[in-house]
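Good morning, colleagues. I would ask you to look at the model on the screen while I take you through its aromatic residues and one of its sheets.

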Amino acid sequence: MEESQQGEDYRPLEFKNRIDLSQLQESVAQIKTELGRVIIGQQEMIELLIISILANGHSLIEGVPGVAKTVTAKLLAKTMNVGFSRIQFTPDLMPSDILGTSIFNVKTSEFEFKKGPLFSNIILIDEINRAPAKTQAALFEAMAERQITMDGLTYEMSPPFLVFATQNPIEQEGTYRLPEAQLDRFLFKIKVNYPSLEEEIAILESKHRQKNKNLESLITSVLSADQIASYQEVIKEIIIEDNLMKYIAGIVHNTRNNANLYLGASPRASIAIMDASKALAAINGRDFVTPDDIKKVATPILGHRVILTPEREMEGFTPDKVIKQIMETIEIPR
């Protein structure tokens, strides 16, 4: 009798969030719905890009031509009611072409600073590895400190300021390797793969139905600059236990002492893992971080920040493989 009574009264443990994440979750769902009108598949890329917005970090999207890198980033920007600027990087692009330049005003007899396309909220840089090193270096200050210094004056970038950059990993002619200092400023390096057979069939069917419709006209803005700023503040409040911080530090520290790696990750990587795992927890409706959140974001955060030793590179190792091995060797906090 007692057992049946216990069975009737039994209720699974219910956890109530200390932080209200319902509005944030609803906005994320709306963004995914809007993008789903046009983009088929690529769920991981979309989720990582949304995490990068919430964690206030930049993203580098790498994939072969034609896998919707640029279109996805462009349409994601369209779901936010903020300034958008697209810059096509070319071998002859100069720093002044993106930052702006001082122009002499004949009326006032003074030089005036004319702002370049980098002065916007969401910046889409297409084929970032096509511009020479000096143009890429012009992005360093803007990406790290969200400001630009020209002619002794500092100009603050209006929040949100996020850079989404694309690059093609295969084509080498007319491309320049991105400096390590620049790669370190990207929260994620998102690798985009080919769609599955079913997804490719769905892409063809969707394209056939759309005829000559403008893709951007199908997307509605669902977020304002103020909402993005408030969600970014909410992310900072997500709870992360001390043992999980030690877990993150252990993973990153291991990259610096690993025999397979010539260059390990910087403390910026540790902060990136913590911020991104908080954003992932919030998207999933939790106000606390779990080890699974950390494991999921660690590879796209660390993969572009480490360099293999020449021996391991010749053996066909990849940074992702080494990072996976590192996470397998470190004990998961309970």
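This is a predicted model: local features need pLDDT of at least 70, side-chain atom pairs count only at pLDDT 80 or more; totals for chains, interfaces and linings use all residues.

Phe 111 counts as exposed, because its relative accessibility is 62%. Phe 104 has a value of 44% and therefore counts as partly exposed.

These residues bring us to the aromatic pairs. A pair of aromatic rings is described by the distance of the centres and the angle of the planes. With ring centres within 6.5 Å as the criterion, the model has four aromatic pairs. In the pair of Phe 104 and Phe 111, the centres are 5.3 Å apart and the planes stand at 65 degrees; angles over 60 count as edge-to-face, so this pair is edge-to-face. Elsewhere, one aromatic cluster is formed by Phe 113, Phe 119 and Tyr 155.

Charged side chains also meet rings. Over the ring of Phe 140 sits the charged end of Arg 185, 4.8 Å from the ring centre. Lys 321 lies over the face of Phe 317, and here the distance to the ring centre is 4.5 Å.

I turn now to the sheet. Five strands form an open sheet with parallel pairing, in the order S3-S6-S9-S1-S10. Its edge strands are S3, residues 84-88, and S10, residues 186-191, each of which pairs on one side only. On average, neighbouring strands of this sheet are turned by 15 degrees against each other, direction ignored.

Which strand pairs with S3 over five bridges? It is S6, residues 122-126, and the pairing is parallel. Within that pairing, Ser 85 has Ile 123 of S6 as its bridge partner.

Thank you for your attention.

Notes:
Residues are numbered from 1 along each chain as its sequence is written. Side-chain values use heavy atoms; hydrogens and water are left out. Rings of Phe, Tyr and Trp (its six-membered ring) pair if their centres lie within 6.5 Å; planes under 30 degrees apart count as stacked, over 60 as edge-to-face and the rest as tilted. Buried means under 20% relative accessible area, exposed over 50%, partly exposed in between (1.4 Å probe, protein chains only). A charge sits over a ring if NZ of Lys or CZ of Arg is within 6 Å of the ring centre and within 35 degrees of the ring normal. Two strands pair if DSSP finds at least two bridges between them. Helices (H or I, at least four residues) and strands (E, at least two) are DSSP runs, numbered from the N terminus. Axes are lines fitted to C-alpha atoms, for helices over the stretch in contact, and angles run from 0 to 180 degrees between N-to-C directions.
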